[in-house]
Amino acid sequence: MTILVTGGAGFIGGNFVLDWLASSDEPVVNLDKLSYAGNLQTLASLQGDERHRFVHGDIGDRALLGRLLAEHQPRAVLNFAAESHVDRSIHGPGDFIDTNVVGTFKLLESVRAYWNDLPAADKSAFRFLHVSTDEVYGTLAAEDAPFAEDHRYEPNSPYSASKAASDHLVRAWHHSYGLPVLTTHCSNNYGPYQFPEKLIPLVILNALPGKPLPIYGDGQQIRDWLYVTDHCAAIRRVLDGGTPGESYNVGGWNEKTNLDVVRTICSLLDELRPRADGKGYAEQISYVQDRPGHDRRYAIDARKLERELGWKPAETFDSGIRKTVQWYLDNQDWVEGVSSGHYRDWLTRQYGGQS
């Protein structure tokens, strides 16, 4: 038995591979093209582990996919591969269309060809699990109920539009061809190994050398925060027990404003790594111009996943954010490894002098 994971050197995919092999001896074939956010350092602990085979390649390479599927005969394919940063999608949407839409289409076609040729029992047991986002649902007002699985799609950024398109392709391949698919929609993930363009690692890494902590607009944008290992556990449950053709929302039940998140990080750093001058890190908070079309609130209703598959998050935001801050403090070698010139150029372009 084997699974094929795409995008398994990224933040969520990498955590999933590590989590999977920590709790299972089932081998993983890990396909990742190592774009700017893909990082083999995340998987360093698996070096020499025969259960893990890393393959450098693109989900859009149908010849490569065909060879991998034929050679390893996976019982499931889990698709984490995606361009995922909203700001980058606004500056350059083409990469998001190429990977999230065209790439997903080509991956689906490769998997469909493989699945069609499986023996009946293996064909019935096979699963294609597509990892998506709550951002496809659009934005919520303060008084609105959280997103349920039947909420209509209203994507507001090139990123979320590209993910919505990929979701529709996955759904269509199930209804048109019978491919046994599962789709998950997660809220904002955080935790170890997250590329430091996202809010939480960016704040931690800017705080330590005394740089400004940039917050978009008034900082009152609300997100539901999900610790990444809770997300990994949810994906395992959906893979094991989810109904083909269904989608499942995965949330942390932790709605926080961006400003509250940053202040919490500052308080933890005040405790764990105090500034030499005795001042609080919150003094470094600065406000930058809001990004175009910034969604005001996301919130996930994850009751279906709990009701049908018995999953609920193990971490509160307080426990998860403490673990996250401590991990970044303890793993400066990893941080330095991803803080390339390309990354610094991006921060300068995005935040100007605030980076």
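**Aromatic pairs in a predicted model**

Let's start with one residue. Tyr137 has 0% relative accessibility, so Tyr137 counts as buried. Keep in mind that this is a predicted model.

Where does Tyr137 sit? Tyr137 is in the loop between β5 (127-133) and α6 (158-177). Tyr153 is in the loop between β5 and α6 as well. Tyr153 has 27% relative accessibility, so Tyr153 counts as partly exposed.

Now the rings. The count for the protein comes to 16 aromatic pairs. Tyr137 and Tyr153 form one of them: the centres are 5.8 Å apart and the planes stand at 90°, so this pair is edge-to-face. The two residues are 16 residues apart, and the pair links distant parts of the chain.

Next pair: Tyr190 and Phe317. This one is tilted, with 5.5 Å centre to centre and 55° between the planes. Tyr190 belongs to strand β7 (residues 188-190) and Phe317 to helix α11 (residues 317-330), so the pair ties together parts 127 residues apart in sequence. Are these two buried or exposed? Both Tyr190 and Phe317 are buried. Ring pairs also bring in Trp225 and Tyr227, giving a cluster with Tyr190 and Phe317.

Now the whole protein. There are 13 helices and 12 strands. A compact globule of 355 residues would have a radius of gyration near 20 Å; the protein has 20 Å, so the two agree. The C-alpha trace spans about 65 × 50 × 40 Å along its principal axes. Buried residues make up 55% of the 355. Of the contacts between residues at least 6 apart in sequence, 81% join residues at least 24 apart.

How values were computed
Residues numbered from 1 in each chain as written. Predicted model: local features only at pLDDT ≥ 70, side-chain atom pairs only at ≥ 80, totals over all residues. Heavy atoms only, no water. Helix = DSSP H or I, 4+ residues; strand = E, 2+ residues; numbered from the N terminus. Rg over C-alpha atoms; globule rule 2.2 N^0.38 Å. Buried < 20%, exposed > 50% of the residue type's maximum accessible area, 1.4 Å probe, protein only. Contact = heavy atoms within 4.5 Å. Phe/Tyr/Trp six-rings, centres within 6.5 Å; stacked < 30°, edge-to-face > 60°.
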